[in-house]
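Dear colleague,

I am passing on the structure below, together with some notes on what came out of going through it. Please read the notes with the coordinates open beside them.

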Amino acid sequence: MGAFRFFILIFVTWFGCGAAFADKRVALVIGNSAYKNVARLTNPVNDAAAVVGMFKNAGFDEVVSRLDLNVVEMRRALREFGNKARDADIAVIYYAGHGIELDGNNFLIPIDATLETDTDVYDETFPLDRVLISVEPARQLRLVILDACRDNPFAKKMKRTIGSRAVGRGLAKVEPSSPNTMIAFAAKAGSTASDGDSKNSPFATALINHLPKPGLDLRKAFGFVRDDVLKATNNTQEPFVYGSLGGNDVTLVPAAPVVAAPVDQDASMRRDYEFALQIGSKPVWDAFIERYPSGFFTALAKAHRDKLAAEGVRIEATAKAKAALEEQTRLAIEGARAAEQAKAAEQAKAAEQARIAAELAKKAGEAKVAEAERAKTAAIAKAVEEARLKAEQDAKVAAEKKAKEEKFVALTPSADKSDQPAAVDLPRSLQAELRRVGCNTGAVDGNWNAAAQKALDLFNKHSGMNLDVKVASVDALDAIKAKPGRICPLICNSGFKADGERCTKITCRPGYEVGDDNTCEKIEVKKPTAKREEPKTEWQERAKTHTAPAKPQASGQIVCVQGGCRPVQKGCRLESISNGGHSALLNREVCN
C-alpha cells in the first residue's frame, strides 16, 4: 500500500503543480570542433557530450545530439528540433563552436564555412534568430545556451566589401522578443570565452554542476555558473544571461516530491480510489486494481479503465481513418499533379517538335538563299566574262574602224606636224577617240565645236565620268583611251536594227512591212472608195495657185534613201555623216 500511495502522490503532485513543472522537456545539443578551413577546436565535442549526459540524467524526455555539422546538416537539425518543440513545455538548445558578430547581429558557424568576405556570413552561417525560431513553439520555457564567444579566426582573414561594416569581437548583446525566453552567453557581449586547460571549458563545467540541481531556479543556477566561471578564469570571463522570466521559480529539474504520511489501510481503499479518480489515467487504474484485486471500488476502477481503453481505441481508429483520408487526398493530388506533368510534358514535346520543324524550315530557306547566291555569283561571273570578251571584240573592231577612218580624215604632212605643238592635234585625237567609243557621229576635223562637246558630254553620261566638255584636254584623251570598247550605245535609224557594231536593214517577209516601232507588220490593203469631186470655184483655184510653194529645181546631185534614189532638190546639198560608229559614211540631204 505504501508503494501505491507514493505512486498516487506523484501523479497528484504533477497534476496539481503543472505551472511549476513541465510535462515534456526536449533538448538539442550541437558541438562543432572539426572546422575545415580554420584550426580545429578541442573542447566543443567534449562539452556537448557532457551536456547531453546532464540532460539525460535530469530526466529530459528527448535529448538530440549532433556533432560537427555542415551548413546542410545544421539546417536540418534546427528544422527537425523545431517540430519536436511544438508539443513540449521546455525546449533547450546548447551550441558549442565558433560564432561571429556582424553589424550587431550574431551568427553560428558550421564546420564547412569559408567566410572569405563579410557578405559570405549571410550565406554560410545561421543567424541567432533562426535558432530562436526552433525553440519558439515551446509552451513554458525557451532556453538557448551559446558557448560560442571564442576568439574568431575567420574575422582575421575576412575581406571587407564595405569599409563601414563592423565585425565585432565575441557576440553582440541581444534582447529576446518572446516572453519566457532566456539566452545565456559563455561571456558577456563584446568579450571572448576561454576553453580552459581541462577536458571541458569552464562554462560547460559550471553548467553541468548547477543546472541539473532539483528545484533550483534557472536565474539562481546561472548566477552560480557566473560565480564559478569568474573564479576559474581569474575574473577574465563573465557569463551573461539575456531575457526575463516571471515571478515563479523555473527549474529544469523538478524538486523531489514530498512523501505523504502513511494512512490506515482500512480507509485507504476509498481514499486511493478518489485519488485515482482525480487523475483518471489507465496506468493509475491498473495500479489501483493491482493493489486492490477485489471489491466494490475495484469494479468501479475496472469500468473506468475499460472506458479509457475504449476511448483510446476510438481515438486510434479516428486517427487511422484521418490518416487514410489524408493519404487518399494526397494520392489524388499527386495523381492530378501527374496528369498536369504529363500534359506539360506533351506540350513541351509539341513545342520542341515545332522548334525542330522551324529550325529545319530555316535551314531549308538558308540553303535556298545560298543556292540563289551561288547562281547569282555564277551569273555575274559569266556576265563579266562575256563583257570582257565583248570588250576585246569591240577593241579589235574599233582598231579596224580607226584604221579605215584615218583614210577619210585629211591629215597634215608629218613633216609639218612635227613642227607644231602637240596641243594642235589634241581636238582631232579626242574626236577620233570619241568616235572609236561610239560617242562622236560628227566629223574628225580638229575643231572643238558644239558637236564635239556634245560627244564628250555623251561620253560622260554613259561612262559616269565628269570631264570638262568646254575644252579638249589631255586628261579627257587619256580617260577615253583607257576604254577598250564602245561606251555610247549604237543608235540605228528607223528601219534598221543593231547587229553587233553595225546597223543592218530590217527585212520582212512578203506581205509585211517595217512599222513605226521597227517591227514587221502586215500590210493592210485598203479598198478604193469612190469620191465625188466637188466643183472648184474660181477663187479656190486662185488661192491654191498663190499659196502652193514653188518646186525646187534639181541641182544634179543624187541622194539615196530607204525608198530609192532621187535627184537632190534645188537649194539643197548633200552632207556626209557617220553611220552610227561604222566605218562607212552616209549621205544626208540638207535644205536651207
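Over the ring of which residue does the charged end of Arg291 sit? In this predicted model, the ring in question belongs to Tyr292, and the charged end of Arg291 lies 4.9 Å from its centre.

Tyr292 is also part of a cluster, in which ring pairs link it with Tyr273, Trp285, Phe288, Phe296 and Phe297. In total, the structure holds 10 aromatic pairs. One of them joins Tyr273 and Phe288, whose ring centres are 6.0 Å apart and whose planes stand at 65°, so that the pair is edge-to-face, the angle being over 60 degrees. Because Tyr273 belongs to helix α9 (residues 265-279) and Phe288 to helix α10 (residues 282-291), this pair ties together parts that are 15 residues apart in sequence. Tyr273 counts as buried at 9% relative accessibility, and Phe288 is buried as well, with a relative accessible area of 0%.

Tyr273 also pairs with Phe297, and here the centres are 5.1 Å apart with the planes at 45°, so this pair is tilted. It links distant parts of the chain, 24 residues apart, since Phe297 is in helix α11 (residues 296-408) and Tyr273 in helix α9. Phe297, at 17% relative accessibility, counts as buried.

Elsewhere, the axes of helix α2 (residues 43-57) and helix α7 (residues 202-210) come within 10 Å and cross at roughly 10°, and the two helices are therefore roughly parallel to each other. Asp47, Ala50, Val51 and Met54 of α2 make the contact with Ala204, Leu207 and Ile208 of α7; by class, these are 6 nonpolar residues, no polar ones and 1 charged residue.

Key
Residues are numbered from 1 along each chain as its sequence is written. This is a predicted model: local features need pLDDT of at least 70, side-chain atom pairs count only at pLDDT 80 or more; totals for chains, interfaces and linings use all residues. Side-chain values use heavy atoms; hydrogens and water are left out. Axes are lines fitted to C-alpha atoms, for helices over the stretch in contact, and angles run from 0 to 180 degrees between N-to-C directions. Helices (H or I, at least four residues) and strands (E, at least two) are DSSP runs, numbered from the N terminus. Angles under 35 degrees count as roughly parallel, over 145 as roughly antiparallel, 65 to 115 as roughly perpendicular and the rest as oblique. Contact means heavy atoms within 4.5 Å. Ala, Val, Leu, Ile, Met, Phe, Trp, Tyr, Cys and Pro count as nonpolar, Asp, Glu, Lys and Arg as charged, and the others, Gly among them, as polar. Rings of Phe, Tyr and Trp (its six-membered ring) pair if their centres lie within 6.5 Å; planes under 30 degrees apart count as stacked, over 60 as edge-to-face and the rest as tilted. Buried means under 20% relative accessible area, exposed over 50%, partly exposed in between (1.4 Å probe, protein chains only). A charge sits over a ring if NZ of Lys or CZ of Arg is within 6 Å of the ring centre and within 35 degrees of the ring normal.
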